[in-house]
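Dear colleague,

I am passing on the structure we spoke about, and below it you will find my notes on what turned up when I went through it. Please read them with the coordinates open beside you.

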Amino acid sequence: MTDDRNFLHEMERRLHDWKAEILKFRVIAELADLDTQIEYYQIIEDIVKKEEAVKEKLADYNESGSVNRSSLKNEIDILRQHVEDAIESAMIRIN
C-alpha cells in the first residue's frame, strides 16, 4: 500500500512539474514571431497529449483497486518517459 502511495505521490509531483514546464513554454511561444509561435505551439500540444495519456493511465490505476497494478505501473512509466523526452526536446528547441 505504501508503495502505491509513493508511486501516486511521485506521479502527482511530476504532473505538477510538467505543468510548470508547459506554462514556461507557452510564455516563450507568446513572445515569438508568428511562424515560430506555430511551431512552438505544435511542440507544446504534443507534450500535452502525452501528458493526458499519463493522466488517463493514472485514472485507470486509481480505479483498479487492489488488483495487481504492476502492468499499469509499467505502462505509466513508459508514458512518463515519453513526456519527459518530449519536454527535454522542447527545452532544446524552445529555450
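**A residue in a charged network**

Asp77 is partly exposed, as its relative accessible area is 35%. Please keep in mind throughout that this is a predicted model. The side chain of Asp77 meets that of Arg80 in a salt bridge, with 3.1 Å from N to O. The two residues are three apart in helix α3, so about one helical turn separates Asp77 from Arg80. Arg80, for its part, is buried, because its relative accessible area is 13%, which is under the 20% that the term requires.

**The overall fold**

Stepping back to the whole chain, the protein contains three helices and zero strands, and its elements follow the order α-α-α from the N terminus on. The C-alpha trace spans about 50 × 20 × 15 Å along the principal axes, and of the 95 residues in the protein, 33% are buried.

As you will know, two packed helices are described by the angle between their axes and the distance between the axes. For α1 and helix α2, which covers residues 34–63, the axes come within 10 Å and cross at roughly 165°. This makes the two helices, α1 and α2, roughly antiparallel, because angles over 145 degrees are counted that way. The crossing in which α1 passes α2 is left-handed.

Moving on to α2 and helix α3, the latter made of residues 70–94, the axes come within 9 Å and the crossing angle is again roughly 165°. Therefore α2 is roughly antiparallel to α3, and the crossing of α2 and α3 is left-handed.

Side chains of opposite charge can pair when their charged atoms come close.

Is Lys73, with a relative accessible area of 18%, buried or exposed? Lys73 is buried, because the term applies under 20%.

Another is formed by Glu39 with Arg93, where the closest N and O atoms are 2.5 Å apart.

**A nonpolar patch**

The last item concerns the surface, where Leu23, Val27 and Leu31 form a nonpolar patch whose accessible area comes to about 330 Å² together. Val27 has its place in helix α1, which covers residues 2–31. With a relative accessibility of 45%, Val27 counts as partly exposed, because the value falls between the 20% limit for buried and the 50% limit for exposed.

Conventions:
Residues are numbered from 1 along each chain as its sequence is written. This is a predicted model: local features need pLDDT of at least 70, side-chain atom pairs count only at pLDDT 80 or more; totals for chains, interfaces and linings use all residues. Side-chain values use heavy atoms; hydrogens and water are left out. Patches are made of residues with over 30% relative accessible area and no salt bridge: like charges are joined within 9 Å, nonpolar side chains (Val, Leu, Ile, Met, Phe, Trp, Tyr) within 5 Å. Accessible areas come from the Shrake-Rupley method with a 1.4 Å probe; for residues, only the protein chains shown count as cover. A salt bridge is a side-chain nitrogen of Lys or Arg within 4 Å of a carboxyl oxygen of Asp or Glu. Helices (H or I, at least four residues) and strands (E, at least two) are DSSP runs, numbered from the N terminus. Buried means under 20% relative accessible area, exposed over 50%, partly exposed in between (1.4 Å probe, protein chains only). Axes are lines fitted to C-alpha atoms, for helices over the stretch in contact, and angles run from 0 to 180 degrees between N-to-C directions. Angles under 35 degrees count as roughly parallel, over 145 as roughly antiparallel, 65 to 115 as roughly perpendicular and the rest as oblique. A crossing is left-handed if the near helix is turned anticlockwise from the far one by less than a right angle, and right-handed if clockwise.
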